[in-house]
Amino acid sequence: MTVVWTIVGIVVFFLGILFSVAWHELGHFATAKWFGIKVPEFFVGFGKTVWSRRRGETEFGFKAVPLGGYVRMIGMLPPAKGELYGRSRRTGPFQGLIDDARQASAADVGPEDADRQFYTRAPWKRIIVMIAGPLMNLVLAIVLFAIVLMGFGTMTATSTVSSVSQCVLPAGSQTDVCPPGAPLTPAAAAGFEPGDRIVSFDGQTFDSWEDTQKAIRAATGTVSVVVDRGGQLVTLTPTLITTELPALDGSNDTVQASFLGLSPLQEIQRQGIGAVGEHMVDIVGLVGQKLVEMPQRVPNLFGAVFLGEQRDQDSPVGVVGASRIGGEILAGDAPPAQEVAAFLSLLAMVNISLFLFNLLPIPPLDGGQIFPAIWEAIRRRIAALRGRPDPGPVDAAKLMPVAMTVALIFIGWSALVFVADVINPVRLG
């Protein structure tokens, strides 16, 4: 059954990624139609068409390589100024590439469609059309995290004591066996017991274990702790010690702080809408950091593919790797509700990645159209304030050499990640 559930998980997660891509493109499609831009094609995937149907003026379908998708709008690039005013074509090392891109952009533009081209819309409309795709991924991620946190709940540390450390061990110790002569922890010396629920610490009450933990680390000397033990309030007076402890910011650093020697009981608890917002902020920051660090991951990926080196657990993964992890989640031994929650959380992370990645201000990504439109709006505003004529649309076609370079880099990166996901995958645990 493990193999069956692994296959089911891979297939379902892969379909979830395809849905996320289609959902992204739906944002572009809907806003483009809203602003009267003609959209001849809406496809998930690239390459040869596998299936398609025409609805109105748009052909919808799937292509053979399911590694993305696109919505083709007419007139994405403006004609060159020379063409607008009847002058001849310019020359230059990349001019042929730029002119070919213009011709491809204008290929479907008939006389009746002259006013339905993308570049003819006001900059703010073009910004909405291009940002709508990434925003759809963000919305989907919010919905998925809301289902996970508010519907299924998440493992949460409580104020109930799960275990009491019996002795003080060196930081980073790999064992919990007390060596001869090891001093008792403040909690053990004060008489804490598993099942005690901390009611107050040093005269203060706290709503979460995280706040209690911060208070413990900040306190010094002997403190008063009230616990609920089987319905009876018991006051304990541990004397805290200062020792080296792991930092609470998620890093591998250590800090000098006060130590009590308790482990909290973990329970699955449903969260409120505020927790969803806080979680989104944390995840967006984390994924953004990982995107910035992507170039640093190339040596490890290269070593994992060609040198047989161990692959980092936080290594980037592609569609294949993410789907494989999805399969491992459903094939795990956790309760079904936790597996589904983890599955949905992983899909939400993929959508956060799509949201941030597509906002990068480089063509051919969505941000490569958003930022030229912003610059165009600024130029027009400056010209109006100076009493000068409208400078016209920003010539985004000049960025085609950059777009081709980025596309080649992305293809190489995707190929490297794909091979790594096949021969040296990231595994759970």
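## Overall form

Of the 429 residues of the protein chain, 41% count as buried, where buried means under 20% relative accessible area, exposed means over 50%, and partly exposed lies in between (1.4 Å probe, protein chains only). This is a predicted model, in which local features need pLDDT of at least 70 and side-chain atom pairs count only at pLDDT 80 or more, whereas totals for chains, interfaces and linings use all residues. Residues are numbered from 1 along each chain as its sequence is written, and side-chain values use heavy atoms, with hydrogens and water left out.

The protein chain has twelve helices and nine strands, which are DSSP runs numbered from the N terminus (helices: H or I, at least four residues; strands: E, at least two). With a radius of gyration of 29 Å, well over the 22 Å that the globule rule gives for 429 residues, the protein chain is more spread out than a compact globule; the radius is taken over C-alpha atoms, and the rule is 2.2 Å times the number of residues to the power 0.38. Along the principal axes, the C-alpha atoms of the protein chain fill a box of roughly 90 × 60 × 40 Å.

## Domains and annotation

The domain assignment of the protein chain gives domain 1, made of 1-147 + 347-423, and domain 2, made of 156-269, with bounds that come from an automatic or database domain assignment. The centres of domain 1 and domain 2, taken over C-alpha atoms, are separated by 53 Å.

An unreviewed UniProt entry places the feature "domain: PDZ" at residues 185-223; UniProt positions are given in the numbering used here, feature names are shortened, and annotations may be inferred rather than shown by experiment. The span of residues 185-223 is 38% helix and 13% strand, and its end C-alpha atoms lie 14 Å apart.

## Salt bridges

The structure holds 15 salt bridges, each being a side-chain nitrogen of Lys or Arg within 4 Å of a carboxyl oxygen of Asp or Glu. One of them joins the side chains of R54 and E59 (4.0 Å, N to O); R54 is partly exposed, with a relative accessible area of 49%, whereas E59 is buried, at 19%.

Another salt bridge is formed by the side chains of R229 and E193 (3.7 Å, N to O). R229 lies in strand 5 (residues 225-229) and E193 in the loop between helix 5 (186-190) and strand 4 (197-201), so the pair ties together parts that are 36 residues apart in sequence. R229 is partly exposed, with a relative accessible area of 24%, and E193 also counts as partly exposed, at 38%.

The side chains of E328 and R427 also meet in a salt bridge (3.6 Å, N to O). This pair links distant parts of the chain, 99 residues apart, with E328 in helix 9 (residues 319-330) and R427 in the segment after helix 12 (400-423). E328 is buried, with a relative accessible area of 19%, while R427 is partly exposed, at 43%.

## A nonpolar surface patch

V139, V143, I147, F152 and V340 form a nonpolar patch on the surface, with about 350 Å² of accessible area together. Helix 4 (residues 123-152) gives the most to the nonpolar patch, with four residues; V139 is found in helix 4 and is partly exposed, with a relative accessible area of 42%.

Patches are made of residues with over 30% relative accessible area and no salt bridge, with like charges joined within 9 Å and nonpolar side chains (Val, Leu, Ile, Met, Phe, Trp, Tyr) within 5 Å. Accessible areas come from the Shrake-Rupley method with a 1.4 Å probe, and for residues only the protein chains shown count as cover.
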